[in-house]
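Please look at the sequence and the model before reading on.

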Amino acid sequence: MKNNDVKFTLPMLAEPRTVRLRFRKVDNLQYISHLDLQRTFNRVLVRAGLPLWYTKGFNPHIKMVFGMPLPVGSESECEMLDIRIEREMSEAEIKERLNRELTDELLVLDVYVPSEKFTAIAYAEYEYTIVTTGADAALAEQVEKALVGGNLTVTKKSKSGEKEISLSEYIHSAEVTFDAGVIAIRAKLSAAEGKYISPEALITALRRETGILTGDPTSEHYRILRCRALLADAQTEFR
Amino acid sequence: MNEKISSILKTVEKPGRYSGGEYGAILKDKNAVKARFAFCFPDTYEIGMSNLGMRILYGCLNKEPDIWCERVFAPWVDMQEKMRTFDVPLWAHESGDPVKDFDIVGITLQYEMCYTTVLRVLQLSKIPLLAADRGEEDPIIVGGGPCAYNPEPVADFFDCFSIGEGEDNLVEFTKLYIRMKEEGRYTREAFLHEAAATIKGIYVPSLYDVSYNDDGTIAAITPKFDDVPKQVEKCIIADMDQAYFPENVVMPYIEAVHDRIMLEVYRGCIRGCRFCQAGMIYRPVREKSHEVLNKQARCLYDNTGYEEISLTSLSISDYTELEPLTRELLEWTDPNMVSLSLPSLRVDSFSRELMDRIASVRTSSLTFAPEAGTQRLRDVINKNVREEDLMRAVNVAFSGGKTNVKLYFMNGLPTETSEDIEGIATLAQRVVHEYYQNKERPKGCSPQVTISVSCFIPKPFTPFQWEAQDTMEMLKEKQEYLREKVTDRKVRYTHHDARVSHIEAVLARGNRKLGKALLLAAEEGFCFDAWDEFFDYDKWLSVFERTGIDPAFFANRQMGLDEVLPWDVIDCGVSKEFFKRERARAYAEATTPNCREKCAGCGANRLGGVRTCCPSGGAEK
């Protein structure tokens, strides 16, 4: 039987330290909403026995700051979460302790002290794999044309109502390949604060424009995987 | 999760209900186990995952290397529609394999209104609804839980029932299945017969003949074979300290209704309220020791990271070691920012000290259940709570900074008069008055007293099991009368839907004849009747009418004390004689002391039990 009171014996830090977790959220975990993920991490951090810093108010709670939003139904290898600890514990130990409490579908890949804020994120790189009725090289080409230089639009809901926006200005670059019946897209989409676009928007627009993924959902499927967060040059990986 | 389902998941509400993959979920190699058990909670994932019994039995079955137990929930209506459209049969949560392919399907019956959902689950699984229509390839369907104490209304749909506490019973049952398969002597019929004959607590409805009198009452319930028990006695775990305890629990990603550590402190109840089924069927009282509980709580906290521990039992303040337990818990819960909550408070034991220890300090509301408006009626139901107790309790709450008090009552209790109903309003008014008399009350706030009134439902295995439920008209009239009597805006009045309570009474006291009504309900698409938005009273009446069922016969009829009751085939440990005595005392407005003060001779002590307050040995028949 473990006992997490060990954390109370570690040396206090002069100031609470912010530690960044990069984690994966794939397969079954793609269906878990942001709110549920927050609650889950709250418990994971506690049962991992980390020396967490609590806010000092009437209702003390753990401080958690997540990176970019990820829509339900999209997967990721580069989700990020900043937490604060108040006692000394190495990044390696934090990672090890966390991963004992997680499954492969929600695994911590990296733990480090961050040097940049989430506001430095400008783009995110995604991999789409699409299995759709009638997929062939010609359809893949049609998809590429729509993405690069095409005029894709999506309906965006906001407080002031619905409006049509041009998706093209959110697409930094996109490549489409066709192999073994699967249409694959690698795309860099805008992810800066105020200019973030959901990766799902691309599927919605393509569905409307090219007719992909409009058949029987039990034989058609697609996967969206966020692979990297990028800085303003759309090349350098954000850490 | 297979790909066929994965695309559908992107199109339904709350896909996290179906995706699985939780931390703590148990995965085994299906080719390496000898029996696959699907444990079904016939409601949504969020509700099912809040059920402690399911968590215990899941762990219990999975501790056996030969058995793999998975969970099954009822998909919400949007998912059900997709499943029908795309011909996807219901699957088990862990493996995603069809429920139909399992060896045994266990269905827990926690409330009567889930019966239609049970049938929907079977339909979605493509398992024949009627036990009689199932073939050798179909799973064995076993029911359990509190409603299994009167299994007759759903007897047609279950191959058997496990009566009582299932920790050991279900394992033994599944092991018999494995053994008979291995020895090559398994057939459904042979297995069910042997289970009924050799395993305590197993009731196989098809092995009993039920005959009826001309007036529709039961003449006799007779076993078809000599080796099948005339009465099926429930199972209990004698020593709760030794009972299987799930150290590793499945952590739901989406929020369950009760999303916290549920620490089961004891089973049973010393009180003996005469309307309360739980207080009778879980007898005898068996406590866990505070040392064991503290260890188990610590272990659960370390393994879950939950921020709240709820001490669950029927009446937590009756736990004899509550003081040392809360003291020991607070030693480590406080520094870890974990809060304690006590869901079941009795007014007579509520103190400032207790309030200060529990989590509800953070909220401004407290709940008590006086159940009836006058002392006379509280004596009839043996609530053993006096008005002074309630006033003392609310004053403790007000002095401690609370402004909101919620009070639970019941309408339609036996012997109820207009005076008793008016008493509810008077009592609430007095609580408001007490607030303003209390000098330590929170300054500048006005109180809110909520009275929530349910309708009495006569339940099997209670002293009131024979009583007639008030008719719908009477209940509505009483609800209206109370509404007129509540005049202060500081008193908020809510009541249950009498129509739901009426159907619940029919299903609670029904016999096998209800099977055809439920079958028709299933054919007509009934599901989720425990949810207000799906319950349709007129449709229920129509179903009863078309199947020749008079709902009043089951709900509104005073049953004869010598009548054979549908649930007489089950032995819950408490004797019928005790219920009769208690019924007589109710009509004499006489209370019965709680089990700890004086043994009332209910008979449950013959079942045994450790850390109990019962006199040992088989005292009474």
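Two strands count as paired if DSSP finds at least two bridges between them. The model described here is predicted.

**Strand β10 of chain A**

Strand β3 of chain A, residues 75-87, is joined by two bridges to strand β10 of chain A, residues 221-230. These two strands run parallel. In this pairing A:Ser76 stands opposite A:Arg226 in β10(A). Strand β5 of chain A, residues 123-131, is also joined to β10(A), here by nine bridges, and the two run antiparallel. One position in that pairing is A:Glu127, whose bridge partner in β10(A) is A:Leu225. Strands of a sheet pair through backbone hydrogen bonds, and the pairing can be parallel or antiparallel.

Which residues does A:Leu225 touch, leaving out those up to four places away in sequence? They are A:Glu75, A:Ser76, A:Glu77, A:Tyr126 and A:Glu127. A:Leu225 and A:Ser76 are 149 residues apart along the chain, and their C-alpha atoms are separated by 5.0 Å. Is A:Leu225 buried, exposed or partly exposed? A residue needs 20 or more other C-beta atoms within 10 Å to be buried, and 12 or fewer make it exposed. A:Leu225 has 18 C-beta neighbours inside 10 Å, so it counts as partly exposed.

**Domains of both chains**

The domain assignment of chain A gives domain 1, residues 4-115, and domain 2, residues 119-230. Chain B is divided into domain 1 (3-233), domain 2 (239-344 + 591-621) and domain 3 (358-513 + 549-559).

| Domain pair | Distance between C-alpha centres |
|---|---|
| Domain 1 and domain 2 of chain A | 30 Å |
| Domain 2 and domain 3 of chain B | 25 Å |

In chain A, 11 residues of domain 1 are in contact with 14 residues of domain 2. On the domain 1 side of this contact there are five nonpolar, four polar and two charged residues.

In chain B, 17 residues of domain 2 are in contact with 17 residues of domain 3. On the domain 2 side, α9 (278-281) and β14 (339-341) of chain B each supply at least two residues. The element that gives the most to this side is β14(B), with three residues. The residues on the domain 2 side divide into seven nonpolar, seven polar and three charged.

**An open sheet in chain B**

Chain B holds an open sheet of four strands in the order β15-β16-β17-β18, with parallel pairing. Why is one side of β15 (365-371) and of β18 (491-495) of chain B left without a neighbour in the sheet? Both strands stand at the edges, and each has a single partner strand, so one side of each has no neighbour in the sheet. From one strand to the next, the twist averages 20 degrees.

Inside the sheet, eight bridges join β16 of chain B, residues 404-411, to β17 of chain B, residues 448-455. Within this pair, B:Lys406 has B:Thr450 in β17(B) as its bridge partner. Helix α15 of chain B, residues 418-437, packs on the sheet and touches β15, β16, β17 and β18 of chain B. The direction of α15 makes about 160 degrees with that of β17(B).

**Chain B as a whole**

Chain B has 21 helices and 19 strands. Its radius of gyration is 24 Å, close to the 25 Å that the globule rule gives for 621 residues, so chain B is as compact as a globular protein of that length. Along the principal axes, the C-alpha atoms of chain B fill a box of roughly 75 × 65 × 55 Å. Of the 621 residues of chain B, 51% count as buried. Among the contacts in chain B between residues at least 6 apart in sequence, 77% join residues at least 24 apart.

**Where the two chains meet**

Terms used: Residues are numbered from 1 along each chain as its sequence is written. Chains are lettered from A and ligands numbered from 1 in the order in which they are written. This is a predicted model: local features need pLDDT of at least 70, side-chain atom pairs count only at pLDDT 80 or more; totals for chains, interfaces and linings use all residues. Axes are lines fitted to C-alpha atoms, for helices over the stretch in contact, and angles run from 0 to 180 degrees between N-to-C directions. Two residues are in contact if their C-beta atoms, placed from the backbone, lie within 7 Å. The radius of gyration is taken over C-alpha atoms; the globule rule is 2.2 Å times the number of residues to the power 0.38. Domain bounds come from an automatic or database domain assignment. Ala, Val, Leu, Ile, Met, Phe, Trp, Tyr, Cys and Pro count as nonpolar, Asp, Glu, Lys and Arg as charged, and the others, Gly among them, as polar.
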